[in-house]
Amino acid sequence: MSLIVPLAIALCVAAGVYLTLSRDLFRMVLGLAVLGSGVNLLLFASGRLGPLAPPIMEAGADALAAGAANPLPQALVLTAIVIGFALLCFGLVLAARLANMARSEDADALRATEPPGGEGHKPAVLEP
Amino acid sequence: MNLILAPLLLPLFTALVCALLAGRPAWQTRISLAGAAANPLFGLLLLERAASGEVQHLVLGGWPAPFGIAFAADGLGVALAVVAALLGLAVLVHQAGAAEPAAPSPGLHPLVHLLLAGVGGAFMTADLFNLYVWFELMLMAALGLLVAGGERRHLEAAFKYFVLNVLGTLLLLAAVALIHGATGHLNFAALAEAARRPELAGVLPGYLGLLALALLLKSAAFPLYAWLPATYHSLPAPILALFGGLLTKVGVYALLRLFGQVFAGVAEAPVQLLGWIALATMVSGVLGAAYHWDLRRILAFHIVSQIGYLLLGIALMSPAGAAATLYFTAHNILAKAGLFLIAGIVWRLAGHHDLRRVGGLYAARPGLALLFLLAAFSLVGVPPTSGFWGKFLLVRESFGQGQFLWGGVALAVGVLTLYSMAKIWLEAFWKPHPDGREMAAPVPGLAPAYAAVMILGAATLGMGLWPEPFIAFAQSATAGFGTGGRP
């Protein structure tokens, strides 16, 4: 257990970085999602793995029983998962729309917002 | 009554009401403006209490600190929240005019207010994870505003912004997770205590380096600023002013809060590095601006350059350096946004963003030329504008610490900034219009745009002519920063 989680994090981060470095729009978005999964696992593991009992206090008690899981990272990771999912959806729609408009899924084709080419030390005059 | 949450709840509430009024644009605009006007007023109420040195606290959920989600209103956070609220008002007033406003869309006003809520929340929070959440809220609202134009260039800009900024927030989240794992805390006050435990001295500097990397990406520092000049120029003028004024400054604020206060003195080496990053940011930003002839691109590169000054104040790691950064940030938000709003008016009057296709504005609109000169001098740092005092505080503290190279480069970059502003003055205002465009006739609908520029111009002039209360406030708000003072 203690080895599987770090390995899973490493695998997710490695795969995520590899995909994000691609020039394909969809791979980039998916890469960020996989990278996000790795980070979420890291966040989850930050509360220490091991104790498995549900973090529920008995009536009248003022502290968790020994052996209870840490509830805080679960709340944090839930927040991060929701945000990450929303961003993934947005990113996929954006990539699809962009690929449709640019008729290419290659990031190198995204030139519409680059500075205009020019001669020597000056950029070209923009079109009216 | 506890008003700590006003800087985030009021924009959030306004955004909600505006979203519900999506089918009634006239009412949506009215509610949006009313919310934006009320926001600085609530901020001033908070400021009054923060000015007396009182730090208001609020812990949500009834949990005792450090377990509940804490908010704190101290001088630093409140001052920036007021400036952000003022900018929000100016931007929405400008949007009501005819100077290159964003195309009307039902989502525009809700998204602007959501962005302001994210900024206000980031300034008010006293919790590391909560800070990440506000960054995400800002990111989502910003993405919505970026794609609002719907043309290919907007989507391309949004995609580049999306990839690099999501990477930034993931780095931030990873740093938050590692720091939480090491210290067991997220609350700023508890983190400040825990970070000084000697057994953490081995791991914490590495985690803090990751945190700094994420925040430097968010604040567009060298060499991580590529996303900014690639995207900002695709935005319409008021939204561009909002982005250029606020978003990167929140990253700077987080750096100042975390490295100047919470983790001050924990990691020395990264702070030295920050000084050199600041210099590289200043120089590369201003050189980028010198190359371009598109007004929006010039000003976007100047954002990067000015971020360098703010980082320099943090890197000096002293109360005076932190006070200079606070004063400079407030000044920079106002002056920079004012220039972007003026760029919108220039576009409306002279018909283009490229400086080689415009001209003649000094003869046709001397008032506008005066407003531009005020904002441009403020950016350069000519007295009696606010920029002079910001640079004065910063350079004096650099020299005082014996960092003559840092202070010297800050002064030299000011000269290059002057070159850039002089280029805009000569091309857009001084030379005749290349097409002989007739600009004497009054252009309808520009009054709100002028009003917005004047709000910001008056603020920067006021900060410059009566600097003492502002500087005294900045110094009291950042007392103990950089020297291991506890939040």
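User: How do I tell where a residue sits: is B:Leu128 buried or exposed, and why?

Analyst: The idea is to count the C-beta atoms around a residue, and 20 or more within 10 Å makes it buried. In this predicted model, B:Leu128 has 23 other C-beta atoms within 10 Å, so it is buried.

User: Which helix of chain B does B:Leu128 lie in?

Analyst: B:Leu128 lies in helix 5 of chain B, which covers residues 128–147.

User: Which residues is B:Leu128 in contact with, apart from its neighbours within four places in sequence?

Analyst: Setting those neighbours aside, look for B:Val176, B:Ile179, B:Leu186 and B:Leu191, which are in contact with B:Leu128.

User: What share of contacts in chain B join residues at least 24 apart?

Analyst: Here you start from contacts between residues at least 6 apart in sequence; in chain B, 80% of these join residues at least 24 apart.

User: Now the whole chain. How many helices and strands does chain B have?

Analyst: Chain B has 19 helices and two strands. Along the principal axes, its C-alpha atoms fill a box of roughly 70 × 55 × 40 Å. Buried residues account for 64% of the 487 residues in chain B.

User: Which residues touch the most other members of the largest nonpolar core?

Analyst: That core has 233 residues, and B:Met138 and B:Leu311 touch the most other members. Helix 13 of chain B, residues 319–350, brings the largest share of this core, 21 residues. Beyond its neighbours within four places in sequence, B:Leu311 has contacts that include B:Ala221, B:Val252 and B:Leu274.

User: And between chains, how many residues of chain A are in contact with chain B?

Analyst: The size of an interface is often given as the accessible area lost when the parts come together. Here we can count residues instead: 31 of chain A are in contact with 37 of chain B. Helix 2 (25–45) and helix 3 (71–102) of chain A each supply at least two residues of the side that touches chain B, and helix 3 gives the most, with 14 residues. By class, this side of chain A has 24 nonpolar, five polar and two charged residues.

Terms used: Residues numbered from 1 in each chain as written. Chains lettered and ligands numbered in written order. Predicted model: local features only at pLDDT ≥ 70, side-chain atom pairs only at ≥ 80, totals over all residues. Helix = DSSP H or I, 4+ residues; strand = E, 2+ residues; numbered from the N terminus. Buried ≥ 20, exposed ≤ 12 C-beta atoms within 10 Å, placed from the backbone. Contact = placed C-beta atoms within 7 Å. Core = buried A, V, L, I, M, F, W, Y, C linked by C-beta atoms within 7 Å. Nonpolar A, V, L, I, M, F, W, Y, C, P; charged D, E, K, R; others polar.
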